[in-house]
Amino acid sequence: MLQRSLSKVYEPQKSEAKWYQYWLDGGYFTAEDKSSRKPFSIVIPPPNVTGMLHMGHALNNVLQDIVTRYKRMQGCNALWLPGMDHAGIATQNVVEQELAREGTTRHNLGREKFIERVWEWKSRYGGVIINQLKRLGCSCDWSRERFTMDEGLSRAVREAFVRLYNDGLIYQGDYIVNWCPRCHTAISDLEVEYRQEEGYLWYIRYPFADGKGEVVVATTRPETMLGDTAVAVNPHDKRHKNEIGKYAVLPLVNRNIPIIADDYVTMEFGSGAVKITPACDPNDFAMAERHDLEILKIMDGDAVINENGGPYAGQDRYECRRNVVADLEKQGYIVRKEPYMHNVGQCYRCRTDIEPSVSRQWFVKIKPLAKAAMAAVSKKKIRIVPALWENTYFEWMNNIRDWCISRQIWWGHRIPVWYCDHCGKMIVAAKTPENCPDCAGTGLKQEEDVLDTWFSSALWPFSTLGWPDKTKALKTFYPTSLLITGFDILFFWVARMMMMGLYLMKDVPFRDIYLHALVRDEKGEKMSKSKGNIIDPLKMMDKYGTDAFRFTLAAFTVQGRDVRMSEDKVEGYKFFVNKIWNASKFSLMNLEDYEESGAVFGQEDESLADRWIRARLNKVTAEMISALDEYRFNDAAMSIYHFIWHEFCDWYLELIKPLLYGKVGNARSRLAAQRTLFSVLKSSLKLLHPFMPFLTEELWQTFVSDGTSIMVSEFPVAEADRGDAQAEQTMAAIMEIITGIRNIRGEVGVAPAKKLNVIVYAPDAEAASAVAEGNDYIISLANLNDLTTVNEEAEPKGAATAIVGALRVYVLLDGVVDIAGEKARLEKEKAKLDQDLAVVSKKLSNRDFLAKAAEAIIKKEETKYKELREKHAALEAALRKFAEMRTL
């Protein structure tokens with residue numbers, strides 16, 4: 001794979017496919033179950049089998065790959081374990097939609113045939129995202145790829161269920177759950193997404209049963225009154241004190257219901273009296289249990305009113321609402337209605353409004369498990385980064401409810417419970433039983449429900465390593481080192497992995513948890529199809545290359561802050577890729593005659609620029625190691641970006657050009673410059689590799705002939721004896737002098753090609769020595785005819801001044817610039833500019849213009865205003881510079 005030349009431009013499409021296959025063929029991603037190297041392990045948050053790569057996936061996996069590549073280069077036995085989630089509801093919905101297009105349903109097929117159809121779909125379409133992750137450069141150990149429904153993980157799921165059940169931590173009971181009428185299954189609290197909806201608060205009269213008065217209740221869901229079994233008031237509410245213990249007549253249904261007192265009722269809501277519908281509201285359900293109220297179901301699984309709804313039976317819930325309100329109004333029961341904003345829960349998969357419903361479900365008794373998981377964080381056995389998420393974690397865990405783990409769908413892990421047809425015995429077993437242990441009957445029927453997808457996902461850190469077997473991989477890589485995931489699944493997944501890991505493995509599942517934020521558009525808005533602001537990662541990679549895309553994500557990942565993404569930002573880092581490529585081409589041309597093994601010279605042959613760039617490299621290495629160890633991805637990215645672009649390319653390469661071209665120095669100093677150029681470039685590629693794997697591999701194979709990948713080269717180490725504070729200080733002053741002279745050129749309009757004379761006032765010998773050491777650099781890079789250093793401060797006539805610490809840099813302009821004429825020209829130009837600014841400013845402050853003009857026209861005027869302001873500022877700076885000059 002060794003090359004000795006670079007093409008004119010970098011072609012990411014050719015490079016990326018080539019080097020990814022090279023890594024696969026070389027086994028560079030593969031970890032060892034037994035190794036003397038320190039283990040590092042991370043499990044991928046398994047994407048859904050139905051998934052396609054979106055910005056959230058891209059960010060999450062780029063960050064994981066950065067850390068994995070970094071640890072691998074540090075010599076770790078690094079395992080990044082990949083896989084996919086079977087995504088119960090999501091996958092079943094996809095296949096059901098496919099069946100609907102064929103004019104059939106899963107019920108027509110039957111359970112067994114439907115499951116076969118899902119596996120068939122998976123083999124055809126599932127796992128597209130895995131290839132997309134490879135496109136992203138993910139260095140996962142693909143030989144260990146797992147699927148939450150594969151044989152090993154299915155065995156782990158059964159084993160976990162049985163252990164929890166035997167320890168009294170799984171139970172079956174009638175409870176109110178979130179029911180999706182579209183998916184026909186219960187979903188957990190975490191799977192409900194809320195949206196604000198403008199509805200109404202209806203005030204309804206409930207007459208007292210004794211005919212003496214009434215109580216007015218307030219509700220947002222009048223249709224559920226058909227299932228009311230009580231009216232509740234707060235015991236401390238003086239308005240309703242005398243009503244407690246009475247009975248009210250339920251309008252439309254004419255059923256007597258008690259008026260009860262409960263502290264849960266908020267006196268400030270509505271009238272202070274609320275209807276209690278235990279089968280339609282979780283808080284009402286809890287109240288019913290406290291007061292032993294009847295629980296009356298009024299809806300079936302499709303959210304259609306059942307026989308308990310009397311004349312409204314057979315009506316959809318929203319049709320029923322309209323009819324109930326109409327009948328209440330007709331019969332004089334409506335007191336008033338008020339507009340009311342309230343949250344409506346929806347199924348996170350199909351966006352159907354959920355319906356709280358009482359049904360028999362399986363639950364995990366979560367409090368004992370949560371207690372251990374909270375202790376792991378409080379005792380620092382697990383570190384959450386950023387730490388600001390700890391309070392949220394504890395708050396949620398303290399208020400956690402039992403976890404409903406049963407789902408009324410077909411695709412998923414079927415609950416390992418069987419019922420004997422003969423004696424009714426319930427059998428809970430990890431292996432499918434052949435007969436009943438009580439009566440020996442063989443007529444066994446398995447539980448119809450499947451487990452919540454998150455149940456199998458909760459076992460992911462150890463089931464993927466072979467649990468319940470005691471494998472070498474489990475011994476080596478568990479607990480895993482790190483989990484990187486989005487904060488939005490902290491409770492869905494992360495907390496549950498912690499609970500299951502501590503319960504089943506008696507140890508935490510990971511040492512560190514890094515929670516990244518969301519990827520939003522450049523305005524900070526959530527990306528969505530309806531807004532048309534989605535950025536497709538695949539399109540970005542196709543257009544700008546994977547490395548530019550990856551670097552953009554890392555550069556804008558600040559702990560605790562959303563990533564604001566735009567195509568312009570990706571394009572900006574494409575320029576960075578080009579900069580590195582061109583710098584490498586330049587380096588390669590100037591290293592053609594360099595042989596590392598034959599380089600003979602002493603430290604005295606190294607130039608100031610050599611010593612400076614090595615010292616800066618050492619500092620940047622320390623900064624990057626610190627940043628990566630602390631998961632400050634943006635800081636690490638910015639350190640290497642600034643070093644390569646602004647120090648290595650903009651300064652060092654320019655500083656050593658005269659040496660490389662033989663214009664200054666000798667053979668030994670040129671050789672020293674070549675060695676520094678080669679070693680710094682090599683180290684820079686190593687530092688950059690975790691962020692830009694493809695580009696760095698392409699360049700590594702060009703410059704390094706050891707036959708191995710940059711992936712397994714040693715990550716640079718910062719060493720105290722490599723520092724050179726003196727070189728850094730001297731070079732900083734020299735760069736400021738050069739920059740000051742260049743700025744004066746620009747401000748007063750002197751062409752870059754025009755040679756100038758400069759006098760530098762140095763107040764002491766140390767300052768003078770620093771200027772002398774950089775004399776050649778200043779003359780070359782500032783394009784000077786002459787540079788004189790003086791120790792007496794006296795401002796020359798017609799000179800523009802730059803101040804660099806204690807130094808005064810005088811750029812002699814007398815005879816170079818017609819100071820008076822140039823000043824007059826600039827003042828005239830500024831006057832014209834003032835007029836133009838006034839016109840544009842007036843237009844942009846005109847409300848009619850802003851209201852009526854097209855957005856493109858307004859944007860054009862805003863751009864024009866910005867450009868005029870920038871030009872105006874430059875003219876003012878130039879005029880100030882002329883005003884400062886001594887002309888006599």
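**Close-up 1. Arg-336 sits over the ring of Tyr-203.** In this predicted model, the charged end of Arg-336 lies 3.8 Å from the centre of that ring. Arg-106 takes up a place over the face of Trp-410. Here the distance to the ring centre is 4.6 Å.

**Close-up 2. Tyr-20 and Trp-23 form an aromatic pair in helix H1.** The whole structure holds 39 aromatic pairs. In the pair of Tyr-20 and Trp-23, the ring centres are 6.0 Å apart and the planes meet at 70°, so the pair is edge-to-face. Helix H1 spans residues 12-26. Tyr-20 and Trp-23 are both buried.

**Close-up 3. Tyr-514 and Tyr-631 form a tilted pair.** Their centres are 6.0 Å apart, with 50° between the planes. The pair links distant parts of the chain, 117 residues apart. Tyr-514 belongs to strand S23 (residues 510-516). Tyr-631 belongs to the loop between helix H19 (608-629) and helix H20 (633-660). Tyr-514 has a relative accessible area of 1%, so it counts as buried. Tyr-631 is buried too, at 8%.

**Close-up 4. Ring pairs link aromatic residues into a cluster.** Its members are Phe-551, Phe-556, Tyr-573, Phe-576, Tyr-641, Trp-645 and Phe-691.

**Close-up 5. Gly-466 lies in a loop.** This loop runs between helix H13 (460-463) and helix H14 (472-477). The relative accessible area of Gly-466 is 18%. Buried means under 20%, so Gly-466 is buried. Gly-152 is 314 residues away in sequence, yet the C-alpha atoms of Gly-466 and Gly-152 are 7.1 Å apart in space.

Notes:
Residues are numbered from 1 along each chain as its sequence is written. This is a predicted model: local features need pLDDT of at least 70, side-chain atom pairs count only at pLDDT 80 or more; totals for chains, interfaces and linings use all residues. Side-chain values use heavy atoms; hydrogens and water are left out. Helices (H or I, at least four residues) and strands (E, at least two) are DSSP runs, numbered from the N terminus. Buried means under 20% relative accessible area, exposed over 50%, partly exposed in between (1.4 Å probe, protein chains only). Rings of Phe, Tyr and Trp (its six-membered ring) pair if their centres lie within 6.5 Å; planes under 30 degrees apart count as stacked, over 60 as edge-to-face and the rest as tilted. A charge sits over a ring if NZ of Lys or CZ of Arg is within 6 Å of the ring centre and within 35 degrees of the ring normal.
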